[in-house]
Amino acid sequence: MSKSPSSPEQLQNRVIEQIIELQREFYFENKGRESDRRRRLREIVDRATTSRGDRATVGQGDD
Amino acid sequence: MWLEQITLKDFRCFYGESSIEFSTDSEKNVTVIHAENGVGKTTLLNAILWCFYGDTTAKFEKRDDLVNYDARAEGRNRAFVEVLFEHNDARYRARRYTNGGGEERNFTILRLTDGHHQRLPNPDAFINTVLPRGMAGHFLFDGEHAEVFLGADNRASIRRAVQDILGCSLVKTAIQDLSETATYYRKQMPSTKASSSMSTISSRIDALAKQIEQAGLAHEKMQGDVELIDQQIADIDAKLRNSAAAKEIQTRRDRTTVDLARAKKREADAQVEVLKWLGDSGRYLVSTRISELAMDFLDQKETKGRLPAPYNEELVTDLLEMHKCICERELEPGTPSYAAVQGLLQKAANATLRDRIKKVSARVNELRRERSKAPGRLDDANARLASARQDISRYEGDLQEISEQLTGINFDEIAQRESKRNDLRKQANQMRVQIGQLTTQIRNAETEKGTAERDLKKLAAEDAGSRIFAIRYTLCETLKGRLERELQEEEKSARSVLRSSIGKVLERTSRKAFRLQMTEDYSISLVNEAGTQLPKSSGENQLLGLAFTAALVEFAKVRQNASDYRLLRGTIAPLVLDSPFGQLDEAYRQTTAEYVPQMAGQVVLMISKSQSSGGVMEAIENRIGQEFVLVRHNRDSRGERAVELRQFRGKDVETAVFDSKFDGSTFVRVTR
């Protein structure tokens with residue numbers, strides 16, 4: 001199991017990696033099913049924000 | 001990827017099975033396909049795309065009507081295209097059938113090793129790793145539309161091209177997915193005490209998002225429509241360029257007709273001059289002998305002292321009547337002296353005779369004088385007549401040639417095209433105004449949406465039930481923003497690489513000292529040293545289009561081992577150039593042709609007879625590995641049509657065959 005991210009930036013990096021991996025899988029497998037892809041993307045975001053999710057938004061400073 | 005061979009079976013204009021091998025020699029890396037318009041160049045290009053992706057270019061007409069008509073009439077209802085290619089030291093055979101054969105799959109790829117073959121489980125995924133679909137189109141250069149592609153309104157297409165080669169597909173879909181997912185989380189926020197305000201704000205965000213989306217779609221559609229209109233205008237321009245040539249010929253005909261009329265007038269004048277001369281001076285020539293004899297006679301008489309006569313008749317008569325000689329001696333009739341003086345009357349001349357002789361002498365002298373001048377006048381008149389007749393002959397020849405050139409040209413159609421072109425320009429201008437309005441509308445809605453989103457987040461953070469969704473919503477928005485920024489950074493560095501690459505191509509091929517400018521919004525222009533934007537000719541636009549394609553191909557090659565996991569890797573693929581020299585003048589053609597073999601590892605060059613002139617073939621002669629001619633077969637009889645013959649490597653090839661068993665095209669290999 002991969003090591004837990006220690007900062008919001010690391011968390012974001014890991015989530016982006018997972019999302020791109022997901023996109024790659026659908027791109028090359030040519031599944032083309034948008035709803036499946038988005039459901040799996042929500043699962044990634046849910047996982048990233050369930051246990052230590054609060055940290056994901058720390059220091060983003062976008063509002 | 002290196003293409004080795006393509007086989008087409010009953011595919012569009014290719015009746016039965018047709019096949020060609022591409023050159024895989026790294027030195028002689030160019031495969032030339034000579035083809036006139038309408039013979040199958042576009043079909044060949046689309047056959048490759050269709051085989052790999054089941055898709056064709058938007059320009060390809062009747063995209064679902066792929067089986068050759070004659071084959072269908074004979075009961076064959078399926079077509080296929082097969083491409084043999086090499087990739088990373090392995091050989092593959094891709095084959096796609098049209099639907100309807102009952103086979104398990106329409107698309108297969110076999111890996112060929114030592115006489116064995118292994119069917120790949122997911123051919124679509126595989127081909128996308130070899131040459132991603134998004135990139136494939138950029139390896140196919142459509143010369144006819146190159147100038148439109150780089151037009152002012154095609155910034156979106158240029159950006160898409162850069163993003164495609166940059167391999168942004170994954171990032172772009174990720175951004176779209178994150179945007180949708182953010183909306184999903186926003187809507188999940190439950191009803192609570194603060195829900196009333198949150199609900200209102202959320203609805204407003206939805207409405208604004210919808211407005212932005214609709215305006216964006218309208219904007220994109222309108223932009224696409226403008227691009228399409230510009231393409232139509234370019235098509236008309238291309239036809240009008242030929243029409244302009246026709247009009248030029250017509251003008252030449254008018255001018256030559258006037259010249260001919262003038263030459264005929266000159267001929268008539270010269271003829272009159274000759275006749276007049278004959279009337280005026282003919283007698284001088286005719287009387288040459290008579291006047292010579294007369295003068296000789298007069299001269300003789302003068303010499304002998306008879307003309308003019310030595311005695312005056314009136315004087316002799318007076319002496320005889322006075323009976324006295326001029327020496328005072330008496331002259332009595334009957335005397336010998338009287339008889340001697342009377343004898344002088346025989347030689348004496350009277351006044352009338354003297355006058356006549358004087359006149360005859362003067363007239364004969366005039367004849368001699370005029371005769372000496374006569375040939376000069378006649379020569380001049382004859383020279384003018386000959387010159388007029390020579391001009392008439394030339395003008396008549398020119399008019400005959402012009403008439404042949406103008407046969408079949410419909411000038412009404414040209415006028416219609418010009419009118420249509422003006423209408424399209426007006427339409428495009430109106431659309432540009434609307435595009436500007438939509439841009440403002442989108443910008444305003446986005447500002448308002450941003451404010452509403454900040455308000456919503458603030459409220460959600462204060463509400464325990466909504467907090468987790470607010471966090472997820474914010475995370476999606478944050479990741480989306482980050483990917484957008486990263487994409488922009490990647491594009492920025494891509495633009496820099498492309499700019500430099502295009503600059504190098506232009507340096508080699510262009511005769512003007514200019515440099516390329518590509519702005520952040522992908523507006524492409526040529527500027528001089530002072531940074532002033534220069535107007536581009538059609539030829540320079542085409543050259544720029546070609547340079548842009550060359551730069552994309554180079555960029556894809558550089559990126560083939562790119563390690564950034566977010567972007568698709570680049571690739572090496574053959575470059576297919578369709579009519580790349582159309583708008584270039586001869587000097588540009590030659591320098592550009594010299595550069596073509598360097599544009600990619602493998603180049604397929606499709607050119608017509610007119611495009612292969614001007615030193616093009618000489619420039620690539622040593623780089624041609626394979627050469628083919630596309631020949632058109634017609635069921636029709638030849639009728640009045642002239643024989644279309646072209647010579648390749650000393651052999652005649654008839655490029656349009658009549659009384660054939662089928663309508664379609666075949667390849668003829670040029671033996672090297």
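**View 1. An open sheet of 6 strands in chain B of this predicted model.** The strands follow the order 2-1-4-5-6-7 with antiparallel pairing. Strands are DSSP runs of E of at least two residues, and helices are runs of H or I of at least four, numbered from the N terminus; two strands pair if DSSP finds at least two bridges between them. Strand 2 (14-21) and strand 7 (116-119) of chain B are the edge strands, each pairing on one side only. On average, neighbouring strands are turned by 20° against each other, direction ignored.

**View 2. Strands 5 and 6 of chain B.** Residues 90-97 and residues 107-113 pair in the antiparallel sense over 6 bridges. B:R91 stands opposite B:L112 of strand 6.

**View 3. Helix 1 of chain B on the sheet.** Helix 1 (residues 41-53) touches strand 1 (2-11), strand 2, strand 4 (80-87), strand 5 and strand 6 of chain B; contact means heavy atoms within 4.5 Å. The helix direction makes about 100° with that of strand 1 of chain B, with axes fitted to C-alpha atoms, for helices over the stretch in contact, and angles running from 0 to 180 degrees between N-to-C directions.

**View 4. Surroundings of B:I6.** Among the residues that B:I6 touches are B:F22, B:L44, B:I48 and B:V83, not counting residues up to four places away in sequence.

Residues are numbered from 1 along each chain as its sequence is written, and chains are lettered from A in the order in which they are written. In this predicted model local features need pLDDT of at least 70, side-chain atom pairs count only at pLDDT 80 or more, totals for chains, interfaces and linings use all residues, and side-chain values use heavy atoms, with hydrogens and water left out.
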